[in-house]
Amino acid sequence: AEALAELDACVAAAGGPAACRVERARAAERVSNLARRARRAFRERQECVVPLVREVYTRKEQERLNDTIVHSMDKRTAMLNLVFFAEQASEERGCGELDRFRSQVPKPIRMLVPLWKRQFYDVHETSLLRTTR
């Protein structure tokens, strides 16, 4: 959000998107690095933390904690988490993530995920996370 605000200020001060190509490239590189680090952290968590949690907590306790966390999220955070969950599930098809996503997320909600993804990634012409050019 902070990077988007910086970019919006730059675009406004420079007189348009064309004048901010260097700043956009830098911001896009920072977002790319952040995404790469997040994927690495997720893999490490899967390899280290998940097996430990399985040993220490029963499935029922895990589900109760997950429900508590999910119900404490505001709408926008929950939508963003579902977008991330869907992306992760589609990237790791052989690991059962897609089946887990389908079993845990009701179909009407799954149908909204692409719309939410566009809302988060394609906010406006100068969006850092813009997926279409």
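Q: What percentage of the 133 residues in the protein chain do buried residues make up?
A: Buried means a relative accessible area under 20%, exposed means over 50%, and partly exposed lies in between, computed with a 1.4 Å probe on protein chains only. By that rule, buried residues make up 21% of the 133 residues in this protein chain.

Q: On what basis should these values be read?
A: This is a predicted model, in which local features need pLDDT of at least 70 and side-chain atom pairs count only at pLDDT 80 or more, while totals for chains, interfaces and linings use all residues. Residues are numbered from 1 along each chain as its sequence is written, and side-chain values use heavy atoms, with hydrogens and water left out.

Q: How many helices and strands are there in the protein chain?
A: Helices (H or I, at least four residues) and strands (E, at least two) are DSSP runs, numbered from the N terminus. The protein chain has six helices and zero strands. Read from the N terminus, the order of elements is α-α-α-α-α-α.

Q: What part of the contacts with a separation of 6 or more comes from residues 24 or more positions apart?
A: Contact means heavy atoms within 4.5 Å. Of the contacts in the protein chain with a separation of 6 or more, 52% are between residues 24 or more positions apart.

Q: Why does the distance between the end C-alpha atoms of α4 agree with its number of residues?
A: The expected span of a helix is 1.5 Å times one less than its number of residues. Helix α4 has 17 residues and should therefore span 24 Å; the end C-alpha atoms are 25 Å apart, which agrees.

Q: Which residues of α4 are buried?
A: An α-helix has 3.6 residues a turn, so residues three or four places apart point the same way. In α4 the buried residues are Met79, Val83, Phe85, Ala86, Glu87, Gln88 and Ala89.

Q: At what angle do helix α4 and helix α5 pack?
A: Two packed helices are described by the angle between their axes and the distance between the axes. Axes are lines fitted to C-alpha atoms, for helices over the stretch in contact, and angles run from 0 to 180 degrees between N-to-C directions. Helix α4 (residues 75-91) packs on helix α5 (residues 97-104) at about 145 degrees, and their axes are 8 Å apart.

Q: Which residues meet in α4 and α5?
A: From α4 come Leu82, Phe85, Ala86 and Ala89; from α5 come Glu97, Leu98, Arg100, Phe101 and Gln104. The residues of this contact comprise six nonpolar, one polar and two charged, where Ala, Val, Leu, Ile, Met, Phe, Trp, Tyr, Cys and Pro count as nonpolar, Asp, Glu, Lys and Arg as charged, and the others, Gly among them, as polar.

Q: How many aromatic pairs does the structure hold?
A: Rings of Phe, Tyr and Trp (its six-membered ring) pair if their centres lie within 6.5 Å; planes under 30 degrees apart count as stacked, over 60 as edge-to-face and the rest as tilted. The structure holds one such pair. Phe85 and Phe101 are edge-to-face, at 5.0 Å centre to centre with 90 degrees between the planes. The pair links distant parts of the chain, Phe85 in helix α4 and Phe101 in helix α5, 16 residues apart. Phe85 counts as buried because its relative accessibility is 17%, and Phe101 because its value is 6%.

Q: Which residues is Trp116 in contact with, leaving aside its neighbours within four places in sequence?
A: Trp116, found in helix α6 (residues 107-121), is in contact with Met79, Leu82, Val83 and Ile109 once those neighbours are left aside. Trp116 counts as buried at 11% relative accessibility. Met79, in helix α4, is likewise buried, at 10%. With neighbours within four places left aside, Met79 is in contact with Trp116, Gln119 and Phe120.
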